[in-house]
Amino acid sequence: MKSYYPKKGRVILHVDMNSFYASVECAYNPLLKGKPLAIAGNVEERKGIIVTCSYEARKFGVKTTMPLWEAKKLCPKLTVMPPNFDRYRKASLELFSILNEFSPLVEPISIDEGYVDITDSYDSGSPIHIAETIQKSILERLDLPCSIGIAPNKFLAKMASDLKKPMGITVLRKRDVPAILWPMEVEEMHGIGKKTGEKLRAIGITTIKDLAMGDSVQLKAVLGINGKRLKERANGEDKRMVDPEAANEFKSIGNSTTLPKDIANQQELFSILDSLAFKVATRMKIKHVHTLAIAVTIRYENRKNNSKSMKLINPIKTQSEIFEMSKQLFLKAWSGDAVRLLGVTATELVDNNIVAKQLDLFSYEKEAEKEPLLKTISALKEKYGASIIENAGDRSDWKEEENIGTSTSFNKDFLQRKKFF
């Protein structure tokens, strides 16, 4: 089977579950199969938001993040269910267990997708045979559908898996890029969101080909270092390896400060905690991680330490969230005596790509509440230009990590040719 594999280079699969949450519910209750189904938060409330939906629901125009009332208007017979977090996490663990049967090089990138490097798995068959076997195994054992992309690198594998859904298997070689990817709208490229798409269109880049042929200097001026990276991707280049340990690189991120004088005033101490939360949140942003646990350390004038930690139900990353958790912990740990040192640490870090944001229904409710503001911002941009206003969280002018503080520790092608790459 070695003849099916390249002498140099890699063979990477991107396994992407199809409508994962809805599919898990259908696997749990087969009576839901074939029906338009949506998973939503606050199912009894008008302001509920669609977390995900089945392909049957999508035929009616139902989409993720759509308000529930609008979805029901489009599809009156829509079945709506609240999410079952434990059920989805269990299915995800079983999914990755299956993937590990085919290669030790498995990198989860979210709760329902991951990369598999099968370069050395030729004893199990050709790349297409392995992909078909994985797809069949997941369907038979978990009753869940998936699409798989086969390519020489992670970027192309991801793009390939998106080309045919549901239950597709697509091979995308680097030589296929001009014919398959270049004609696509630039926003269809993995790694380019609405904001980046607007910036690219402002300089005349509307397709992936335009990006591939774009001026490197101009792209850097508009997008910074990400401009070069996106141009490489548009040309089918991606040197990233499949790394099973990628999510565990950082164990914790923390900052502490020895106070210029011992302080016993609660409001002053809260102000210091807020400053520490800012530093931790900023470093987490640089590292592209969320945290699932917060710890606070207090050292008193007698040099005795007291620490408290808290595990979180949902991952957090913002300064306000970290400060609020830290404040709660501080009040539990503080004796009321003067404090000499304070520290805040984020532990159990999770890569942003692995955080299943759609499971945090509160974020969807907050996004819905922002709609009037977003419409106003959109109108301003349309009148005065895309750069007139931007989200502070999207800015790239953050200080370097060493200036922030000291770390205390994360074509739809099924050609049956002999060689694929």
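I began with E113: leaving aside its neighbours within four places in sequence, E113 is in contact (heavy atoms within 4.5 Å) with H14, V15, D16, F96, P108 and K158. A reminder to myself: this is a predicted model, where local features need pLDDT of at least 70 and side-chain atom pairs count only at pLDDT 80 or more, while totals for chains, interfaces and linings use all residues. Residues are numbered from 1 along each chain as its sequence is written, and side-chain values use heavy atoms, with hydrogens and water left out.

Next I looked up where E113 sits, and found it in strand β6, residues 113-117 (a strand is a DSSP run of E, at least two residues; a helix is a run of H or I, at least four; both are numbered from the N terminus). Is E113 buried or exposed? E113 is buried, at 13% relative accessible area (buried means under 20%, exposed over 50%, partly exposed in between, with a 1.4 Å probe and protein chains only).

Then I turned to helix α11, residues 225-234, and noted G227, L230, K231, R233 and A234 as buried. Seen down the axis of α11, these fall within an arc of 160°, so they line one face of the helix (the arc is that of the directions from the helix axis to the C-beta atoms). On the other side of α11, I found I225 and K228 exposed. The buried residues pack against α6, α7, α8, α9 and α10. After α11 comes G236, with a positive phi near 80°.
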